[in-house]
Amino acid sequence: MSVSSEQSPFDGEFDALVKEQLEKWKVPGLSIAIIHGANTYSKAYGKAELANHSTDRPARDMTTDALFAACSTTKAFTGAATSITIQHSKTTKSPIDWDTPVASLIPEDFVLENDYATKNITLEDALSHRSGMPENGWTLALFSKKGPTPRSIVRAMQYMPLATPPRTKYHYSNHMYIAVSHALEQHTGEKLGAFMKKRIWDPLGMSETFFSPGEARANPSTAEKLVQAYDWFPTKEGGTFIPRPENDWPANSGAGAIVSNVLDYAHWVRELIERTGPLKGHDSLTDPRTIYFQNDDLNLPAPYHAYGLGWIVDNYRGLHFYSHGGGWPGYASWVGFVPEKKFGFVVMGNSFSARYAAFRLVTYLLDKRLGLLDDPKYEEQIAACVARQTEEWESRLKNERIEDSKERLFPSLSHPPIPSALHMSRYTGTYTHPMGMTLVIQLSNDGLIANLEDRVIPSELSLVHASGEFFVGSLHNAGFNLMPPFTVEFYIDAAGVATRVGLLLEPTLKGEKVWFDRCGS
């Protein structure tokens, strides 16, 4: 049954559902805003910060103006900033359009593995994830947190192989959004965050939206609103919340740098629905550009999905549904809208698993708020989505046993395995990659390790011998594997020196390893 838009959606039944979801997904707290018709509603649940007995810091209740790393929901702003730049350029001596090659804007920086891709990938290709560049999420565990800039990341892309030719397949790519961010800055002569503030945030009244945690901390009134990020770590006694560091990597730029709250984002979502302010005339932002078939964790039931310019294009029970999630260790957000019903939502939480709570809360409100008809078959499909999310989350909490990893990665492994050609100490040393990454491999009790605590996502690389020159590699942080364990291979030259180490990090490259060369070899 339809509910009047004058009545708050946050009734006792919804509050009970939130409590259930926070417990199920182990989320300390979340904030939510609902836009419906002329009204906006917001409410906060749980804790922005848990009590820390070692530092005597008290717990803080979650608030609707609490500030979160908004992560990949930044991408929609980058799409909008590009559209605004294109529109403004029409009256200048250097007009650009969606089909403008990225390389024409930053020719000295944007170089890919082949000339065709370099010369032909356009702004639209880069923003709609059809460039052929794979996700390369593993780079966050290997890029240094200090030093890299958008320009240096773009220049590193020449060493990142393409998974497919341009415009043939959907590949989610943060690096392409960083490339467009750098291109926009070079074209406009403005920092992207400053451009967004002047052209989008200020006109919409988004007074507490920033392009880094540092910007938020510069003002004491907003510094105290930053939430503490957490992840849940299971123990024999049940489990505990582990604090996570801030998502503070300036090189991420238009791929995921924004810090904001649900109140500011509600202004953004209303503008996306009404298009009466800075987005007036920019109707193509949500047009589908790329079709993909895999089911990501926040996709609604459908045989396929589409991607626009920073927006995932789906439908919900026959209605147009535009959304985008954001995630980082300790943070999650989900933003979206249904234009036909003038309905939108923003959910932000201080745990990565808050994205799954958001999915359940939003689909509940969509049905109840919009009075959509019951459809048992669709309900089954939504339940299947939740089951997939549950399986994915539980797998994150259970690291694969090393013996199981060996069997999965090396199904023909001999028993006993072939001994390594060298003593473990002779595999140690400093290995570098031209992308600007360094591994200092050392001995450990179980094999070899490389300390990566100074990287974007602090972690450790562990290498356990499997057979011959092959090892099982794992990237882990605070006890969690950041990705499934992978194959590692050392190359031994004729002089008996380990001169290279290859890591099978990117699954879309079909067995192609990322090779690091030993320094001085």
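Modeller: First, a word on naming: helices (H or I, at least four residues) and strands (E, at least two) are DSSP runs, numbered from the N terminus. You're looking at a predicted model, where local features need pLDDT of at least 70, side-chain atom pairs count only at pLDDT 80 or more, and totals for chains, interfaces and linings use all residues. Residues are numbered from 1 along each chain as its sequence is written, and side-chain values use heavy atoms, leaving out hydrogens and water.

Let's start with helix α12, residues 354–370. From first C-alpha to last, its 17 residues reach 23 Å, close to the 24 Å expected at 1.5 Å a residue (that is, 1.5 Å times one less than the number of residues). Buried here means under 20% relative accessible area, exposed means over 50%, and partly exposed is in between, with a 1.4 Å probe and protein chains only. On that scale, 15 of the 17 residues of α12 are buried, so the rest of the structure largely encloses this helix.

On one side of that, UniProt's unreviewed entry lists "domain: Beta-lactamase-related" for residues 14–354. Its positions follow the numbering used here, feature names are shortened, and annotations may be inferred rather than shown by experiment. Residues 14–354 come out at 29% helix and 21% strand, with end C-alpha atoms 16 Å apart. P303 sits in the loop between β8 (290–292) and β9 (305–307), and at 67% relative accessible area P303 is exposed.

Strand β17 (residues 459–467) includes S467, which is buried because its relative accessibility is 11%. Beyond neighbours within four places in sequence, S467 contacts L413, S414, P417 and I418, contact being heavy atoms within 4.5 Å. In strand β15 (residues 437–443) you'll find Q442, partly exposed at 40% relative accessibility. Not counting residues up to four places away, Q442 touches T428, G447, L448 and I449.
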